Amino acid sequence: MTKTSSRPLRSRTRQVRAGLNRTGFSETSEALFMTSGYVYGSAEEAEASFDGTLDRMVYSRFKNPTVATFEERLAAVEGAAACRATASGMAAVHAALLCQLKAGDRVVAPRALFGSCTWIINDLLPRFGVRPTFVDGTDLDQWRAALAEPAAAVFLETPSNPTLDIVDLPAVADLTHRAGGRLEVDNVFATPCLQSPLELGADVVVYSATKHIDGQGRCLGGAVLGSAEFIADVLSPYLRHTGPALSPFNAWLLLKGLETLDLRVERHSANALKIARFLESRPEISRVLYPGLDSHPQHDLACRQMKGGFGGIVAFTLAGGKTAAYGLLNGLEVIDISNNLGDAKSLACHPWTTTHQRLAPEDKLAQGIGEGLIRLSVGLEDACDLVDDLRLALESGANGSKMDG
Ligand SMILES: *Cc1c(COP(=O)(O)O)cnc(C)c1O
């Protein structure tokens, strides 16, 4: 009892319906198949399933119906030919790079990256003879210089974590292709609702589905999207044999997350813009970074390559440095202190001492991460309550203390 539309459906409809494949019980909501294996009616059927003459489920490390529904729905939302889900965002980043690289290759990336992505490119890949080159992602001259020689892959985030740098996707895609490589974009901050890297020239998109796709702080997950050939011939064998498979239960949660993604991202973005404007008006704050503000150094570029909003993450610097940043965090009564992001609940953290703690001070400063910087993941609460919370915490200064609970 699964209807099929004769008309092409729009993205918001695909978020709710793509991939739906009802069982004989005609359930409304997607079925959850918590199974690791599958049975065969005969030895001949088992043989045909393994030699590829029969296309069916064999083992959940390779394929599972609930995971496949999530993959099909996310691919439809992204406008990608194919998608594979993984157990976490880092499993997606790791697999998307390792599945295609070999000793002697070069990878180019901006310095402003999620900490674990930097570790993979800077610490892990060189052990296997892959050479990294880092650039300032906002400086096209540095991209041109780095991509004047061959490169197998470019990996980048835009907007970046936590300083919300914007990378010019069409320009970097063009340079990457001239260097003979694939452009892989970590689209976590923008979500599929606000930016379509594949339409802008990227070859591969990766997500931490833990963030906005779940969006309710319940589970980890990740995804890699790209052309049918890349996913089937390059990525899938790597996933099949290395095994970073997504749990069917988590796939089911993420599937239900996709149904409300667009609504949530719209509210995250609207709340974030209100908060960014409020923070800009405060004397305690020396700088607010949000791509939707006119004051963002790449606001025009963000307007060109993002659509319908600028996301839910705001970064800002307290003029009073770390003491003032801690005073603000400890003075908050609604917004929680947490390093997660993209949640329904507003979450704030101090990147210098948490998410980016392991970087050397000069590397943090080179990425624009100062001791007074706060990253705020704006949630779905009433924006007035969030503004009040920030105002009162700023006014209470460095002496606030937060009780548990
Ligand atoms: C969180 C995050 C990741 C890693 O995702 P996990 O699901 O935590 O493994 C990768 N990139 C960005 C930009 C992130 O915010």
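Let me begin with the conventions. The model is predicted, so local features need pLDDT of at least 70 and side-chain atom pairs count only at pLDDT 80 or more, while totals for chains, interfaces and linings use all residues. Residues are numbered from 1 along each chain as its sequence is written, and side-chain values use heavy atoms, with hydrogens and water left out.

I turn to the domains. The domain assignment gives domain 1 (11–258) and domain 2 (261–404); such bounds come from an automatic or database domain assignment. Their C-alpha centres lie 27 Å apart. To the contact, domain 1 contributes 39 residues and domain 2 contributes 37 residues, where contact means heavy atoms within 4.5 Å. The size of an interface is often given as the accessible area lost when the parts come together. Here domain 1 and domain 2 bury about 3,100 Å² between them, with 59% of it on carbon and sulfur atoms; this buried area is the accessible area (1.4 Å probe) that two parts lose on being put together, summed over both.

How many salt bridges are there between domain 1 and domain 2? The count is one, a salt bridge being a side-chain nitrogen of Lys or Arg within 4 Å of a carboxyl oxygen of Asp or Glu. The side chains of Asp262 and Arg12 meet in a salt bridge at 2.6 Å, N to O.

Across the whole structure, a search finds 15 salt bridges. In one of them, Glu30 pairs with Lys256, with the closest N and O atoms 2.7 Å apart. Glu30 lies in the loop between α1 and α2 and Lys256 in helix α10 (residues 248–259), so this pair ties together parts that are 226 residues apart in sequence. Helices (H or I, at least four residues) and strands (E, at least two) are DSSP runs, numbered from the N terminus. Glu30 is buried, at 8% relative accessible area, whereas Lys256 is partly exposed, at 23%. On this scale, buried means under 20% relative accessible area, exposed over 50%, and partly exposed in between (1.4 Å probe, protein chains only).

Glu259 forms a salt bridge with Arg73, the closest N and O atoms being 3.3 Å apart. Because Glu259 lies in helix α10 and Arg73 in helix α3 (residues 65–78), the pair ties together parts 186 residues apart in sequence. Arg73 counts as buried at 0% relative accessibility, and Glu259 as partly exposed at 25%. Glu30, Arg73, Lys256 and Glu259 are linked in a network of salt bridges.

A further pair is Glu149 and Arg106, whose closest N and O atoms are 4.0 Å apart. Glu149, in the loop between α6 and β4 (153–157), and Arg106, in strand β2 (residues 106–110), are 43 residues apart. Is Arg106 buried or exposed? Arg106 counts as buried, at 5% relative accessibility, while Glu149 is partly exposed, at 40%.

Two single residues complete the survey. Thr118 lies in helix α5 (residues 115–124) and counts as buried at 13% relative accessibility. Leaving aside neighbours within four places in sequence, Thr118 is in contact with Arg111, Leu113 and Asp123. Asp139 sits in the loop between β3 (131–135) and α6 (140–146) and is partly exposed, at 25% relative accessible area.
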